[in-house]
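Hi there,

Here is the structure I promised to pass on to you. Have a look at it first, and then read my notes below.

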Amino acid sequence: MKKLILLVEDNPEHAEIVQIALTKLADVEIKWAKDAKEALDLLKEGLKPQLILLDYRLPGMSGKELLERLREMEGMDAKVIVLTAEYISKAELMEDGCNNALLKPFLPNELIAKIKKYLR
Amino acid sequence: MDIGIFREVIQKMEIPCLILEGNVVRFANSSAEDTLKRKLLGECIEEEILQSRAPFLEWRSFEVDRYRVYLGFDVSEVYRLKGELEKRKEFFATATHEIRSATNSILGYLALYVDGEIKLAHKEELAEKAYSVALKLSALVNDLLDYVRIEEGLRELKLEPLKVNTLLHAIVEDLKGYAFRKNVELNVSSVAEHLRIIGDKKAFCRVMRNVLDNAIKFTSMKEKGEKRVTVSFAEDEKGMSIRVEDTGIGIEPEKLSHLFKVFSSYSPEGTGLGLVISKKLVELMQGKISIHSAGPDQGTTVELWFRRAEK
């Protein structure tokens, strides 16, 4: 069965890079939401991703806010990896409640290595 | 304590001061507001009251003999600097975010491009995309440095009489190819041969290039209808105005004021600093710049005004 990843990213270039990079992984399907609202709508409609890749600086609701919402959501067991270009440390991001974080700029292979850990 | 001498010193130094003996006001100078005096008469003194009466005064009190002395220190400069620091922090945060974002795109595209495992029909497109982001990053870094230099007062302008006619023609000539590729008609009405304005050559060219570039870009973004940018001139007693009018995508009037703020770019291609830098440069040349639009799809007009050089 294909493993589902939800990518929440407003930057179309970054989204494209992640999508192309993930073609290196077999049996992975990726769904792209351009902002937090779109992501919430998808989840409400019943999307059940195993992993969420979350950008932090998003138009409208921020990634941090979305992360809080996810943590309060019943039955939500998706792991969250934050991807951000913000001026913030990984330790601070972990305190916000994500499972892992990757600061931009990163290499696509670094992301793949991290993703593999959560898709067993 | 001899209140007489103290009073004299305080008056000379213009420090807001209040001296109480018990609950009786023994001294209050004009800087300590009247309202404050009245409020304090017969009442006990609370720090909050003092603070709320004069937000930019920080009151310190101490006891001398049987008196309680209140001195107000002006901290408005501290508040101003705090605000300034906040603004800088925000600027720094956004600037680093933009640089990191662009670097992420360049690195990502190129890493995928050289990755043998990635099979794509048009793989060279990845390198082309990296190249175009690199160009954007380079423009961003240049704009950032320019902006900071202007803010720090390090950009020194050489104000001299400039021949508008010659300079503008060179800029328009340069941009003709760009306008043509973007399918935008670029019209420039003739300007008096002799007319000279006061300005810095580099700064003037940068501003005009930025304004025209924007006009062409935002006109080309319109889906249908006429695509035209018109440059016209008007002289008045003291100066000359340049009007750049386009038939482009326009903007909601309530959003116009945001355009002169840092990082408020209206297009993904922009650095978010172009118009901000232009406005600063125009002001350094003692000119004016304003932007108008009746609304989305109604076009935009930028009006510039420069001082005329004496003949």
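Predicted model: local features only at pLDDT ≥ 70, side-chain atom pairs only at ≥ 80, totals over all residues.

Let me begin with chain B in outline. Its secondary structure amounts to eight helices and eleven strands. The chain has 311 residues, and 43% of them count as buried. Chain B exposes about 17800 Å², with carbon and sulfur atoms supplying 53% of that area. If you take the contacts in chain B between residues at least 6 apart in sequence, 62% of them join residues at least 24 apart.

Now to the sheet. Four strands of chain B make up an open, antiparallel sheet, and their order is β2-β1-β4-β3. At its edges are β2 (24-28) and β3 of chain B, each of which pairs on one side only. On average, neighbouring strands of this sheet are turned by 20° against each other, direction ignored. Helix α1 of chain B, residues 3-13, packs on the sheet and touches β1 (17-21), β2 and β4 of chain B. The direction of this helix makes about 50° with that of β2(B).

Eight bridges join β3(B) to strand β4 of chain B (residues 67-74), and the two run antiparallel. Within this pairing, B:Glu63 stands opposite B:Arg68 of β4(B). B:Arg68 also has a link to B:Ser61: a polar contact of 2.8 Å joins their side chains.

B:Ser61 itself sits in strand β3 of chain B, which spans residues 57-64. B:Ser61 and B:Ile19 are 42 residues apart in sequence, while their C-alpha atoms are 9.5 Å apart in space.

Finally, a helix in chain A. Which residues of helix α3 of chain A (residues 63-72) are buried? They are A:Gly63, A:Leu66, A:Leu67 and A:Leu70. Because these residues cover an arc of only 105° around the axis, they lie on the same side of α3(A). As for their partners, the buried residues of α3(A) pack against β1 (3-8), α2 (36-44), β3 (51-55) and β4 (79-84) of chain A.

Happy browsing, and do write back with any questions.

Best wishes

Technical notes: Residues numbered from 1 in each chain as written. Chains lettered and ligands numbered in written order. Heavy atoms only, no water. Polar contact = N/O pair within 3.5 Å; in protein donor to acceptor, adjacent residues only side chain to side chain. Pairing = 2+ DSSP bridges. Axes fitted to C-alpha atoms, helices over the stretch in contact; angles between N-to-C directions. Contact = heavy atoms within 4.5 Å. Buried < 20%, exposed > 50% of the residue type's maximum accessible area, 1.4 Å probe, protein only. Areas by Shrake-Rupley, 256 points an atom, 1.4 Å probe, with all protein chains shown as cover. Arc of directions from axis to C-beta.
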